[in-house]
Structure formats: C-alpha cells, structure tokens
Amino acid sequence: MLYSKLFPKTLKQVPSGAESVNHQLLVRSGFIDQLMAGSYTLLPLGWKVYLKIENIIREELDKIGCQEMLMPLLHPRDIWDKSGRWSDPNVKEIMYQFKDIHEREFGLSFTHEEIVAYILSKFIKSYKDLPVLLYHFSTKFRNELRAKSGILRGREFIMKDLYSAHISEEDMWQWYEIVKKAYVEIFKRVGLDAKVVEAAGGVFTKGHTHEFQVLAESGEDVIYYCQKCDFAQNQEIYDGEKKCPRCGSEIQSASSIEVGNIFPLGTKYSQALGVAYQDENGKSQDVWFASYGIGMTRLIGTLVEVFHDEKGIIWPESVAPFTVHLVGLDLEEESIKTEAEKIYKLLQAEGVAVLFDDRVGPSAGEKFSDTDLIGVPYRVVISKKTQGKLEVKKRNEKNTHFVTLEALVKMVR
Ligand SMILES: [Zn+2]
C-alpha cells in the first residue's frame, strides 16, 4: 500500500471529547472514526487489524470443530417472549426495542441465545445430531448509558459469539474446557496475556462462569489473582482472602479489561424454546447449552490500551495492519526513489505486507512521527545515508541497524 493513496491520513490533533487512550490514538492514526458516542467506523487500517484477529479466532475455533454461520440482527419479539427476556427489566435497559409501521415489535440483537435455540429446535432430532458448536461474527447493539471508553464500550460493536449444544451436562462441561483452552490460545496469538478469571453469573449451578481479563490501568474491572498459580477472581465474587486458596501464595489485585466470557447455560433455553432430542432409548431429552463471547472491536481497543507509548500504537506482529512501514527519504533524488520503489516491490513479491511512505515533501521527522503513531512492527528507511542497505528499527526498540533485503525478509517472516 502506498501511503500517498491511503485513506485517511493521520491527524495531528487529539479529537475533541476523546478521553481514552485507545480512542485518541486510533482516531489520530486513522484506524477508526467516530459517528456518535459509542459508534465507530473501522477505517481501512482498522479493518485490516479486525480481519487479522477474525482469522486467528476462525482458525482456532474451526480447529476444535466449530462451524461458522451468520444470523440476523433484527429479531421478532415472540422469540424473546419465549425465554421471557423481552420483558426482563435488565434486558429492557440494554436492548433496543421498537415497533414498525404495522405495530409489530422487534428488537436489535445484543446476543443470540434465543435465535440459536430456535434454529436448533428445527434441526436437532436425535442424540446423533449432538454436540454441535455454531458461531458467527456480527454486530451487536447495546443501549449503553456511558459510551465513553472509545471502542471498549459501544452502542454498536462487533462480537464473535459461539453457542454449543449437548446431550448432557457432562458433555457440556467437557466442551466448555475445550473452548476455554482455545480461547487462551486465541488471546496468546493476538498478543495478549489474558487471565482466566472466575466470575459471578452462573444461571443453573452454584459454579462460576469465566471471564478472560487483560491487565490494564485503564480497565473498568478489578481482579484478584495469585502471583504464582492461575487462580484469579473478579472483584464481584472475591471474598477478601489474602492467601491463594490453591497454593497459599500472595494474592494481588489489578485493573483489567474483559475481552471474553464463557457461560454454562444449562437447559434454560432448550426448555423455553423446545430444543429436545431423542436419546438412544427413544426418550425425549432437553439439550444442554453453553455460550462463549469475544468482543472483537473491544479487543482492538484493548490492544491499544496495552501496547502504546507516548508516540503512538505498538501493534503485536500477529495483528498489525502491515508488517513493514517502508519510509522513503530524499525521494526527490531519482536514484533513491527508484531504489525505494524496487525494495517495495521486492518485499511485496516475498509476501511481506508493506506500507510504503512514498510522499515527496514531508520531512524525515514528520514521516517518523507517522510511523510511530500508526505502530507497524518494523520501520525500514531508505535514504541518501543508507547507501544501498536498509535501516531497520523495530517499533518497540530504540536501536536501528543496517541489513540487506534478504536479512530483512528473514527477520519479518
Ligand atoms: Zn496460587
């Protein structure tokens, strides 16, 4: 991609009303644009990051046998009446509900348990049809009172939600653990150290649900976790113990951002929406459910909250919009320009994703502050000074060094 053609360019000013770091940096660097509080366009750079994350999740979920599909966002009231959630005061607070011109009532999706149960009620007949794990990436709507944290908290945002259906509680728990492991792997590949945290909200057992929390000063959650083992609990259920109940080590607390959650749902939805199967003896049984969410746009905001410095974003390589930010200096000199263009094409031919700052005019300082702001992992400079070599600097390191094209390709692969 030529920077001269990239839409839009970086902004010098912090957008007014942008309080959070992710909002400020993502808007200034041209990854997102705000339509209104809690509603953002993912601009071309932001969409590239989104797709990288989506692909990682798709790979990990497909690996364990999940199947992707796409469900509607506009839901008729009657399906939500079956579960009783349409009139639930907690749901009414966050769900956009309205009437069309024929006085029919609809809601905009903030989750899809009812819809998945409705689909399964049509197609699941026998124990042989289970388990089944279905997921989609789609927009969610939430009537959010305080949409102030950039893309961490939106009125409209993208989520990955997965629903699993099982013949028994035992099978549900077995898959719950398999998906939990896949989630840990997903967050690791995205570059985040997410803690698996016990949280409240179990709907049919006294057991806990689980959240995936990333430590961040700006986080709205507080978690208590063990320094030695993997014990971690959300503040909401933490009983104040000073020592870890598992290993006896010190417990410490920190602010964190929730990037995912998983819920054992039991048979609540299958009973409400009539999702049943015939067991081996021909007897009708309720299907067991669990659901698993990852906030996609929230994950992008979290990455920026965790990986940035005073100059801009520092993207992990696995989700960066480009791998190399090639900066051409002294491009008014024909020989330098030709060399820079050649390197740009050779890197592309090697399959390296390159953003090439091909502008003639802006100073080295201006170009470097743009590379720091956008946060591509490798900055590669070609100028009068580099004399046929490439000057490489990693975004998260201070030192520059000179390498050949072959060495650079090896480095970024
Ligand atoms: Zn411990």
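This is a guided tour of a predicted model, stop by stop, with what to select at each one.

**Before you start**

Residues are numbered from 1 along each chain as its sequence is written, and side-chain values use heavy atoms, with hydrogens and water left out. Because the model is predicted, local features need pLDDT of at least 70 and side-chain atom pairs count only at pLDDT 80 or more, while totals for chains, interfaces and linings use all residues.

**Stop 1: the whole chain**

Show the protein chain as a cartoon. It has eleven helices and 23 strands. Helices (H or I, at least four residues) and strands (E, at least two) are DSSP runs, numbered from the N terminus. Along the principal axes, the C-alpha atoms fill a box of roughly 80 × 60 × 45 Å.

Now colour by burial. Of the 413 residues, 51% are buried. Buried means under 20% relative accessible area, exposed over 50%, and partly exposed in between (1.4 Å probe, protein chains only). Contact means heavy atoms within 4.5 Å. Among contacts between residues at least 6 apart in sequence, 68% join residues at least 24 apart.

**Stop 2: the zinc ion**

Select the zinc ion and its protein donors: Cys226, Cys229, Cys244 and Cys247, each through SG. They lie 2.2 to 2.3 Å from the zinc ion. Donors are N, O and S atoms within 2.8 Å of the metal (3.2 Å for Na, K and Ca); water is not among the atoms, so sites may look incomplete.

Check the geometry next. The angles among the four donor atoms run from 100 to 120°, and the site is tetrahedral. Four donors count as tetrahedral if all angles lie between 85 and 135 degrees; four count as square planar and six as octahedral if opposite donors are over 155 degrees apart and all others between 65 and 115; anything else is irregular.

Along the chain, the donors of the zinc ion follow the spacing C-x2-C-x14-C-x2-C. Cys229 and Cys244 link distant parts of the chain, 15 residues apart. Cys229 sits in the loop between β11 (221–226) and β12 (232–234). Cys244 sits in the loop between β12 and β13 (251–266). Cys229 is partly exposed, at 25% relative accessible area, whereas Cys244 is buried, at 5%.

The structure holds zero. A disulfide is a pair of cysteine sulfur atoms within 2.5 Å.

**Stop 3: Ala232 and Glu198**

Move to strand β12 and pick Ala232. Ala232 is buried, at 3% relative accessibility. Leaving out residues up to four places away in sequence, Ala232 touches Val196, Val197, Glu198, Tyr224 and Tyr225.

Step across to Glu198, in strand β9 (residues 194–199). Glu198 counts as buried, at 14% relative accessibility. Its side chain makes a polar contact of 2.9 Å with the side chain of Gln233. A polar contact is a pair of N or O atoms within 3.5 Å; within protein, one must be able to donate a hydrogen and the other to accept it, and residues adjacent in sequence count only if both atoms are side-chain atoms. Beyond four places in sequence, the residues that Glu198 touches include His208, His210, Asn234 and Arg246.

**Stop 4: helix α6**

Select residues 169–190, helix α6. Its 22 residues reach 31 Å from first C-alpha to last, close to the 32 Å expected at 1.5 Å a residue. The expected span is 1.5 Å times one less than the number of residues. Show side chains: the buried residues of α6 include Trp175, Tyr176, Tyr183 and Phe187. Just after α6, Gly191 takes a positive phi of about 110°.

**Stop 5: Tyr135**

Select Tyr135, in strand β7 (residues 132–141). Tyr135 is buried, with a relative accessible area of 0%. The side chains of Tyr135 and Asp62 make a polar contact of 2.7 Å. Beyond four places in sequence, Tyr135 also touches Arg58, Cys66 and Lys160, among others. Cys66 is itself buried, at 5%. Bring in Tyr292: Tyr135 and Tyr292 are 157 residues apart in sequence, yet 8.9 Å apart in space, C-alpha to C-alpha.

**Stop 6: Asp372**

Finish in helix α10 (residues 364–374) with Asp372. Asp372 is buried, at 10% relative accessible area. Beyond four places in sequence, Asp372 touches Lys311, Gly312, Ile313 and Arg395.
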